[in-house]
Amino acid sequence: MREIEDFTDDRLKAWCIHCGAVIADIKSNRDHVPTKSLLTKTLRERGADYDSGAGNELDYLPQVIVCRRCNANFSSDENYLLCVLHAVMAGSLYPDPIQHPESSTILRSNRHVVRSLKRTPDGQLLLFENLQPFTLFPDTDKVRRVIVKNARGHAYHEIGEPLLEVPDHVAFVPLEQLSPEQRDAFEAVGTGAEFAVWPEVGSRMTVHLLDEEAVVGGWIAVEPGRYRYSIDWSNAVTVKTVIWEYLATETRWER
């Protein structure tokens, strides 16, 4: 991705988008959105090179300023989701290190997460139905927190809106479980006719629109096949993401 300077009103940048604390009064740092661990090691390294001033101009990874405490508090949930995704994609909690080297390494180094996924609550959750020969019992609250964290970051990064309230709607499901009609609706993007509501003046999305590089709800690929997201601000603020072309998510804040 190419970095675009943010010219939104500085008053919109006064708080941590997760806890609402005044940034000027607390220790803060940059948080990558999406969570860096969801991207490949190669892209993460290129992004780090760009941050240090040595990388290519297209190696920028989206990031926002948040308080250090919030940033740190998300780490365990982000790691948990990473383990769940690796187990799903490899089809095992103990994947073959030759066939699935990355998944094997991640899951071996997070045995506490593997143990938690083997526990048996009331029943198997919808997110991971029909996965044989093993069954996962993920903590949906952990997954939801990461989804909302990234959605808030995307909205703040692209349209300059600090969405401090609890979202009105959060949903996530494997793409393959959507019907063709549901998939079409999820993937749909807007048109120029819907620009009656423009994003915050000076926001990155405004620059995209002026350059005719964006449409309402258009998809932005951080890394093809690994992570993409879209933002629709024409009515409610709706952030959609697709993680590893497997997990579809939707988070919405009503205006």
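This is a predicted model: local features need pLDDT of at least 70, side-chain atom pairs count only at pLDDT 80 or more; totals for chains, interfaces and linings use all residues.
## Strands β6 and β7

Strand β7 covers residues 247-253, and seven bridges join β6 to β7 in an antiparallel arrangement.

The two strands form a hairpin with three residues between them. Within this hairpin, tryptophan 244 has a positive phi near 60°.

## Strands β5 and β6

Strand β5, residues 227-232, also runs antiparallel to β6, and six bridges join the two. Isoleucine 243 in β6 is the bridge partner of tyrosine 227. A hairpin is formed here too, with four residues between β5 and β6.

## Burial of β6

Strand β6 spans residues 237-243 and is mostly covered, with seven of its seven residues buried. Val237, Val239, Thr241 and Ile243 point one way from the strand. Thr238, Lys240 and Val242 point the other way, and the residues of both sets are all buried.

## Helices α3 and α4

Two packed helices are described by the distance between their axes and the angle between those axes. For helix α3 (residues 75-90) and helix α4 (residues 101-108), the axes come within 9 Å and cross at roughly 135°. Because of this angle, α3 is oblique to α4. The crossing in which α3 passes α4 is left-handed.

On the α3 side, the contact is made by Leu82, Cys83, His86, Ala87 and Ala90. On the α4 side, Glu102, Ser103, Ile106 and Leu107 take part. By class, six residues in the contact of α3 with α4 are nonpolar, two are polar and one is charged.

How values were computed: Residues are numbered from 1 along each chain as its sequence is written. Side-chain values use heavy atoms; hydrogens and water are left out. Axes are lines fitted to C-alpha atoms, for helices over the stretch in contact, and angles run from 0 to 180 degrees between N-to-C directions. Angles under 35 degrees count as roughly parallel, over 145 as roughly antiparallel, 65 to 115 as roughly perpendicular and the rest as oblique. A crossing is left-handed if the near helix is turned anticlockwise from the far one by less than a right angle, and right-handed if clockwise. Contact means heavy atoms within 4.5 Å. Ala, Val, Leu, Ile, Met, Phe, Trp, Tyr, Cys and Pro count as nonpolar, Asp, Glu, Lys and Arg as charged, and the others, Gly among them, as polar. Buried means under 20% relative accessible area, exposed over 50%, partly exposed in between (1.4 Å probe, protein chains only). Two strands pair if DSSP finds at least two bridges between them.
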